[in-house]
Amino acid sequence: MTATMLAPTDLRGAHEALAGTSGPVEIRGAATAADWAGAPQPAPTVLDTSRLTGVLAYNPADMTVGVRAGTPLRELQQELATHGQRVAFDAARVARGATAGGLVATADSGPLALAYGSMRDLVIGATVVLADGTVARTGGHVIKNVAGYDLAKLLHGSYGTLGLLAEIVLRLHPIPAASRTVRLDGELPVAADRAAAVLASALEPVSLEWADGTLLVRVEGTVEGADARARELARLIGGSVLGDDDAEAAWARHAELVDTASVRIGCRPSRLAGVLAECGGTAVAGLGTGIGTVAVAPERVAAVHDVVTAAGGMSVTRRRPGNGVGAWGQRPSALRVLTAVKNELDPGHRLGRGRFEAWFGEEEARS
Amino acid sequence: MLDAAVREALTAAVGAANIVSDPVGLRSYECDGLTGFRQVPSLVLLPTDTASVAAAVRVCHEHRVPFVARGAGTGLSGGAMPVADGVVISLQRLRSVVEVDPVDRRAVVQPGVTNLDITRAAAPHGLYYAPDPSSQQVCTIGGNVAENSGGAHCLKYGFTTNHVLSMTVVLPDGEVVTLGGDSGEQLGPDLRGVFIGSEGTLGVVCEITVRLLRVPETVRTLLADFPSVTAAGEVVSDIVAAGIVPAAVEMMDNLAIQAAEKAVGAGYTLTTPAALVVELDGPAAECGEQFEQVKAICDRHGCTRLHIAGDAAERARIWKGRKAAFAAVGRISPDYIVQDGVVPRTRLAEVLGRIEQMGTAAGLRVANVFHAGDGNLHPLVLFDADGGELERAEELSKDIAELCVELGGSLSGEHGIGTDKACSMPRMFGVDDLATMDRVRSAFDPHRLCNPGKLLPTPRLCGEKPGRYRPHPLEEAGVIERL
Ligand SMILES: Cc1cc2nc3c(=O)[nH]c(=O)nc-3n(C[C@H](O)[C@H](O)[C@H](O)COP(=O)(O)OP(=O)(O)OC[C@H]3O[C@@H](n4cnc5c(N)ncnc54)[C@H](O)[C@@H]3O)c2cc1C
């Protein structure tokens, strides 16, 4: 079966794409997370967002930006940088062209999450197209806003199953004058120990990551301030302050490891090192956030799910193990109400079949 | 009226000692902080644990009895106002701090714990809970979750939603679930995110795990006077343009200052047209460097007096003046209405000008206190109910909120929609937007038992045709479109 490809360029086109078709639809962005979570079932229609691009509203003085959801975040960052601003978000796959909407839909995050959270913390508004073509707006263009339900958050992590994110509004932050990285080579238990010391200090790291043998701590601020704190951090953990090129290389290696991981996990930060040790494989650990990734052989994935579940955490694959092992290590506690939300917003279960495997009872109800 | 069988079942659910049914007792639950909306409930339940909340909700669900969760009742949008023939579920007896974990920097608390008590419990570890509504001494974390409450320091640190990791929630049919988890990682869509700020319409939150932050190394606070509100507004813009993210930037106009001074004598200048409170926090050296920049910006815009807090006591005094401003207007006016709207920060001067004109036209005074950093206004409409001004004041206040929407902002920055603004929602959202929100509500609460009549407009409340939707300014400019 060859799927019909629809690539709308604006909201009207996005509305028509869903209102004017029937049957299952796969929403696809830059396809940088195509292998994440459950495998999408082949759908007769693919809604491709790669042409749904462009900045809609940007007033630097308000520090908010509205974009079409297919805009690659990398390109948006370049434009914002000319005004000294950024979306304080640095997931590894941004460098591979991931779209702003795709990053929201997959609940991705990067090292900066320690200070700024994930896209859910940065999205202040969205325009969503539901499976029946309904266009619904949520939030707005102001940072502070409690009017109505925050549907942008509901779409965060929805993997294209609840609706199409057509436009999103993001909160921005100033690009700091300086960024410094402190590095210490060492095994995970040592890194975890040093990380605890860093977190107990008043040095305010924005990132605190162990990447397969290397602990990286980043601070941002004024030039003098960041320098001073980096030196203090180096003393505290017994590491060294990296020059700009070395820092860039170290973080690029970090991103590469994340990009090649097979499972992403999240748990209580203090349990992460122990969990990863049990998982085996090559690991990256957000020691302040509790979010990490591991690259393990397909036959180890089931064991990873078990280890994480036993520690009260969550796990999802980023590479299909292809041996009958589930993509999701756990089911949400509120699955019944989540299914009710799915049934309300997409009663025909058109969108994103397979991403959550059988959570919504797909196989039984409709195939 | 509730029938005897329902009363009996509810009594069994929470225990006879945890029920209020006498008329005098019930009266004290008839409204929240927005006292204009009143309704005496049929029964008030004061459950002491999650299991009895769930049991009570199951009884309500089975018998189709509407229920309203209630924290401290400080809400300002009529969110906790009871419904006729319904019950109130007060969370006041669920007030223990279950755990403070200094290593993973989080606390597990019951919903009736006050916002400030979380910080008190965390303080021995050098940690604190960041969102700080002015009502923090009394308002509960359960209420904060329901309203997605903010505070003066939310410009830098974010709102309740950015600080809640997970929650135990009793859904409207009595099922107990966990929303969120131990890290930011999610199992699918973020139901936690949609629950926070849902104003008690999607369930009852019974336990909350919040993030705690390390107390910053330094805090620097200044109070600066300006010859005009516009000049003060330009200072805020320049601070932001300089790449500084202040912990807080608060503005007060002359009327608000006069009121606050009369009430608490915090040392504000009685004659200044406008004053700014700017607070920076963080590592000492950087904080100091940026503080000098802020001072220079103030000077550049004709600052007429600059007072720097020399110590914690002086800082507390500055904040006392700011935080007292709401209640203090009672000293300069027999009655007042607190409004809560948001505009893009760059339109502050414009909105203040318009508010002044509208006030003059209505023959009423409006005092302004606001979170200038994020464009969140709290205009205080002053009036005299005995002088028959109530209706005009309510009209003016509503018009101000709707003006905020017209300028590209929001009907509410932190107080919520509740009963008060439900009928204004169609000014901000289109029919399909509201219908989509209603679909989500249906998924959680198909029988509309959980805080019914709040948040979304209903024909009963607003008439068959609630106020006409006005296109968003960006829509008119062709920037966004509605199909
Ligand atoms: C003087 C004053 C200053 C204020 N300053 C601020 C401020 O700076 N920032 C700000 O954001 N707000 C402020 N408020 C508003 C108010 O304090 C907040 O909205 C607060 O979060 C309400 O908490 P509460 O415990 O009083 O909730 P209530 O008023 O009892 O309830 C508020 C809403 O929450 C729901 N609710 C309560 N508990 C639960 C629960 N456990 N589960 C589900 N739903 C629940 C209720 O049904 C209701 O809809 C202020 C109020 C006053 C009176």
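Let's start with a histidine. B:H415 is buried, with a relative accessible area of 13%. The cut-off for buried is under 20%, so 13% qualifies. Keep in mind that this is a predicted model.

Where is B:H415? It sits in the loop between α13 (390–406) and α14 (425–428) of chain B. What does B:H415 touch, once neighbours within four places in sequence are set aside? From chain B, the contacts are B:L76, B:S77, B:E147, B:F326, B:V338, B:D340 and B:H378. From chain A, there is A:V146.

Next histidine: B:H307. Its place is in strand β15, residues 305–308 of chain B. Buried or partly exposed? B:H307 counts as partly exposed, because its relative accessibility is 23%. Leaving out neighbours within four places in sequence, B:H307 contacts B:T221, B:L222, B:L223, B:E314 and B:I318. Take B:L222 from that list. B:H307 and B:L222 are 85 residues apart in sequence, yet 5.6 Å apart in space, C-alpha to C-alpha.

Now aromatics. A pair of aromatic rings is described by the distance of the centres and the angle of the planes. How many aromatic pairs does the structure hold over all chains? There are 7. I'll show two.

One is A:W328 with A:F356. The centres are 5.3 Å apart, with 40 degrees between the planes. That makes the pair tilted. The pair links distant parts of the chain, 28 residues apart. A:W328 is in the loop between β18 (314–317) and α12 (335–345) of chain A. A:F356 is in the loop between α12 and α13 (362–365) of chain A. A:W328 counts as buried, at 7% relative accessibility. A:F356 is buried too, with a relative accessible area of 2%.

The other is in chain B: B:Y128 with B:Y157. B:Y128 lies in strand β7, residues 127–128, and B:Y157 lies in helix α6, residues 154–157, so the pair ties together parts 29 residues apart in sequence. B:Y128 and B:Y157 are buried.

Back to chain A for a moment. Which residues form one aromatic cluster? A:Y159, A:W328, A:F356, A:W359 and A:F360. So the tilted pair, A:W328 and A:F356, belongs to this cluster, because A:W328 and A:F356 are among its members.

Rings also meet arginines in chain A. A:R93 lies over the face of A:W36, at 4.6 Å from the ring centre. A:R218 lies over the face of A:W251, at 4.4 Å from the ring centre.

On to helix packing. Take α8 (residues 229–241) and α10 (residues 284–300), both in chain B. Their axes come within 9 Å and cross at roughly 145 degrees. The crossing is right-handed. From α8(B), the residues in contact are B:V235, B:D238 and B:I239. They meet B:V294, B:I297, B:C298 and B:R300 in α10(B). By type, the residues of this contact are 5 nonpolar, no polar and 2 charged.

Now backbone. Most residues other than glycine have a negative phi. Here are two with a positive value.

B:E199 has a positive phi of about 55 degrees, although it is not a glycine. B:E199 lies in the loop between α7 (191–195) and β10 (204–211) of chain B. At 3% relative accessibility, B:E199 counts as buried.

B:L455 has a phi near 70 degrees. B:L455 lies in the loop between α15 (431–444) and α16 (459–462) of chain B. Its relative accessible area is 0%, so B:L455 is buried.

Last item: a proline. A:P60 is in the loop between β4 (55–59) and β5 (64–68) of chain A. Its relative accessibility is 24%, so A:P60 counts as partly exposed. What does A:P60 touch, not counting residues up to four places away in sequence? A:H83 and A:Q85. A:P60 and A:L172 are 112 residues apart in sequence. In space, A:P60 and A:L172 are 8.7 Å apart, C-alpha to C-alpha.

How values were computed
Residues numbered from 1 in each chain as written. Chains lettered and ligands numbered in written order. Predicted model: local features only at pLDDT ≥ 70, side-chain atom pairs only at ≥ 80, totals over all residues. Heavy atoms only, no water. Phe/Tyr/Trp six-rings, centres within 6.5 Å; stacked < 30°, edge-to-face > 60°. Helix = DSSP H or I, 4+ residues; strand = E, 2+ residues; numbered from the N terminus. Buried < 20%, exposed > 50% of the residue type's maximum accessible area, 1.4 Å probe, protein only. Lys NZ or Arg CZ within 6 Å of the ring centre and 35° of its normal. Axes fitted to C-alpha atoms, helices over the stretch in contact; angles between N-to-C directions. Left-handed = near helix turned anticlockwise from the far one by under 90°. Contact = heavy atoms within 4.5 Å. Nonpolar A, V, L, I, M, F, W, Y, C, P; charged D, E, K, R; others polar.
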